[in-house]
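Subject: Structure handover

Hello,

Here is the structure you are taking over.

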Amino acid sequence: PESTSLPRQPPATRVTTYPAFPMDTPSAGKFLQISCAGIPWLLFATPDTCRFHNRMLSRFLDDAAIPYRWTSPDTLDVADGRIKVIGGGRFRLDPLGQHLELWDDSHAYGRFDASLVADQLASAGAPWDGLHLQIRR
């Protein structure tokens, strides 16, 4: 019999919010686009939870039990090669209006890759795959 291999699907994007967002209330803050062991992640945080992108990353690393160290009050050093930070920005989420707006750059990690976000949200499943995405500069 002939063997046929199917095209490999990219891994589904995982989404984490700090704190857990109620999907019936608008939220705003910062977001970070990363990859951990080849799996894409979108991290969203409100300013009262993680004011800076590096704090959001440190929280993710704590949750995943991945070691890191602060080399200065603002600089996070992650030696684990499985972690790749793509970039970040700001967000505004209106879950009832099914709208997600992304813009800006992270001072620590640069701009997110806008060309990936729509596919990442689509692969993340509900409720993220049903949002109307607006990306602005």
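The cysteines come first. The count of disulfides is 0. A disulfide is a covalent bond between the sulfur atoms of two cysteines. Please keep in mind that this is a predicted model. For Cys-36, the closest cysteine sulfur belongs to Cys-50 and lies 16 Å away, which is too far for a bond. The cut-off for a disulfide is 2.5 Å between the sulfur atoms. Cys-50 is likewise in no disulfide, and its nearest cysteine sulfur is that of Cys-36. Are these two cysteines buried or exposed? Cys-36 has 12% relative accessibility and counts as buried. Cys-50 counts as buried too, at 3%.

Next, the sheet. Six strands form an open sheet, and their order is β1-β3-β2-β6-β7-β8. The pairing is mixed. Strands of a sheet pair through backbone hydrogen bonds, either parallel or antiparallel. Which strands stand at the edges? They are β1, residues 14-18, and β8, residues 132-135. Each has a single partner strand, so one side of each has no neighbour in the sheet. On average, neighbouring strands are turned by 25 degrees against each other, direction ignored.

Strand β2 covers residues 27-36 and β6 covers residues 83-94; the two run antiparallel and are joined by 10 bridges. Within this pair, Gly-29 stands opposite Phe-91 in β6.

Two helices lie against these strands. Helix α1, residues 53-63, lies across β1, β2, β3 and β6. The angle between α1 and β2 is about 55 degrees. Helix α2, residues 114-124, packs on the sheet and touches β1, β2, β3, β6, β7 and β8. The direction of α2 makes about 165 degrees with that of β8.

A residue to look at in α2 is Gln-120. Gln-120 is buried, with a relative accessible area of 6%. Leaving out residues up to four places away in sequence, Gln-120 touches Thr-13, Gln-33, Pro-40 and Leu-42.

Now the nonpolar cores. In soluble globular proteins, nonpolar side chains tend to be buried together. How many residues does the largest nonpolar core have? It has 15, and those with the most contacts inside it are Tyr-18, Ile-34, Leu-43, Met-56, Phe-60 and Leu-61. At least two residues of this core come from each of β2, β3 and α1. The largest share, 4 residues, comes from α1. Tyr-18 is in contact with a number of residues beyond its neighbours within four places in sequence, including Leu-43, Phe-44, Cys-50, Met-56, Arg-59 and Phe-60. There is also a second, separate core of 13 residues, and among them are Phe-91, Leu-102, Trp-128 and Leu-131. Phe-91 is the residue already mentioned opposite Gly-29.

The backbone has some details to check by eye. Most residues other than glycine have a negative phi, and most peptide bonds are trans. Where are the cis peptide bonds? One joins Tyr-18 and Pro-19, with omega about -10 degrees. Pro-19 is in the loop between β1 and β2. Another joins Ala-126 and Pro-127, with omega about 0 degrees. Pro-127 sits in the loop between α2 and β8.

Positive phi values occur in Ala-37 and Asp-104, neither of which is glycine. For Ala-37, phi is near 55 degrees, and the residue lies in the loop between β2 and β3. For Asp-104, phi is near 80 degrees, and the residue lies in the loop between β7 and α2. Asp-104 is partly exposed, with a relative accessible area of 28%.

Phe-52 is in the loop between β3 and α1. Phe-52 counts as partly exposed, at 41% relative accessibility. Phe-52 and His-107 are 55 residues apart in sequence, and their C-alpha atoms are 8.9 Å apart in space.

Regards

Note on methods. Residues are numbered from 1 along each chain as its sequence is written. This is a predicted model: local features need pLDDT of at least 70, side-chain atom pairs count only at pLDDT 80 or more; totals for chains, interfaces and linings use all residues. Side-chain values use heavy atoms; hydrogens and water are left out. Two strands pair if DSSP finds at least two bridges between them. Axes are lines fitted to C-alpha atoms, for helices over the stretch in contact, and angles run from 0 to 180 degrees between N-to-C directions. Contact means heavy atoms within 4.5 Å. Buried means under 20% relative accessible area, exposed over 50%, partly exposed in between (1.4 Å probe, protein chains only). A nonpolar core is a set of buried Ala, Val, Leu, Ile, Met, Phe, Trp, Tyr and Cys residues joined through side-chain atoms within 4.5 Å.
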